[in-house]
Amino acid sequence: MEVRERVPVTSDAEIRIEENAGWQSPADGPGTEPHAPGTRLWRIEVPPRATAALDGGYVIRIPAGKALTGGNRRS
């Protein structure tokens, strides 16, 4: 089975995106399907009637000078 996830991408050098281990970037090259920036893949074998758990994620580190302050961030 192949599971695809997209991780945020930034061009700002001060903002860091730290990814949890366990996934990989897709191979790019001749004869491969193009992928959107930030695409990550898991490839696992799941036997019939079995289950599998994948644990991934990322943390976005924003410098204090660029962080939002006060107010409701959802509005």
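Strand E3 is mostly covered, with four of its five residues buried; here, buried means under 20% relative accessible area, exposed means over 50%, and partly exposed covers what is in between, for a 1.4 Å probe and protein chains only. Strands (E, at least two residues) and helices (H or I, at least four) are DSSP runs, numbered from the N terminus. The structure is a predicted model, in which local features need pLDDT of at least 70 and side-chain atom pairs count only at pLDDT 80 or more, while totals for chains, interfaces and linings use all residues. Residues are numbered from 1 along each chain as its sequence is written, and side-chain values use heavy atoms, with hydrogens and water left out.

The protein chain has four strands and zero helices, and its elements follow the order β-β-β-β from the N terminus on. Of the 75 residues in the protein chain, 12% are buried. The chain exposes about 6200 Å², and carbon and sulfur atoms supply 49% of that area; accessible areas come from the Shrake-Rupley method with a 1.4 Å probe, and for residues only the protein chains shown count as cover. Contacts (heavy atoms within 4.5 Å) also tell something about the fold. Among those in the protein chain with a separation of 6 or more, 66% involve residues 24 or more positions apart.

How do E1 and E3 run relative to each other, parallel or antiparallel? The two strands run antiparallel and are joined by five bridges; strands are said to pair if DSSP finds at least two bridges between them. Within this pairing, Val3 stands opposite Trp42 of E3.

Arg40 sits in strand E3, which spans residues 39-43, and it counts as buried because its relative accessibility is 15%. Which residues does Arg40 contact, leaving aside its neighbours within four places in sequence? The partners are Val3, Arg4, Glu5, Val7, Glu19, Trp23, Gln24, Ser25 and Pro26. With one of these, Ser25, the side chain of Arg40 makes a polar contact of 3.5 Å. A polar contact is a pair of N or O atoms within 3.5 Å; within protein, one must be able to donate a hydrogen and the other to accept it, and residues adjacent in sequence count only if both atoms are side-chain atoms.

Arg40 also takes part in a salt bridge, defined as a side-chain nitrogen of Lys or Arg within 4 Å of a carboxyl oxygen of Asp or Glu. Its side chain meets that of Glu19 at 2.9 Å, N to O. This pair links distant parts of the chain, with Glu19 in strand E2 and Arg40 in strand E3, 21 residues apart. Glu19 is partly exposed because its relative accessibility is 34%.

How many salt bridges does a search of the whole structure find? The search finds five. In one of them, Glu2 pairs with Arg43, and the closest N and O atoms are 2.9 Å apart. The two residues come from distant parts of the chain, Glu2 from strand E1 (residues 2-6) and Arg43 from strand E3, 41 residues apart. Glu2 counts as partly exposed at 33% relative accessibility, whereas Arg43 is exposed, with a relative accessible area of 54%. Glu2 and Arg43 also belong, with Arg4, to a network of salt bridges.

Another salt bridge joins the side chains of Arg61 and Glu18 at 3.3 Å, N to O. Here strand E4 (residues 58-61) supplies Arg61 and strand E2 (residues 16-19) supplies Glu18, and the two are 43 residues apart. Arg61 is partly exposed at 40% relative accessibility, and Glu18 is partly exposed with a relative accessible area of 32%.

Rings of Phe, Tyr and Trp (its six-membered ring) pair if their centres lie within 6.5 Å; planes under 30 degrees apart count as stacked, over 60 as edge-to-face and the rest as tilted. The count comes to one aromatic pair. Trp23 and Trp42 form this tilted pair, 4.9 Å centre to centre with 50 degrees between the planes. Trp23 lies in the loop between E2 and E3 and Trp42 in strand E3, so the pair ties together parts that are 19 residues apart in sequence. Both Trp23 and Trp42 are buried.
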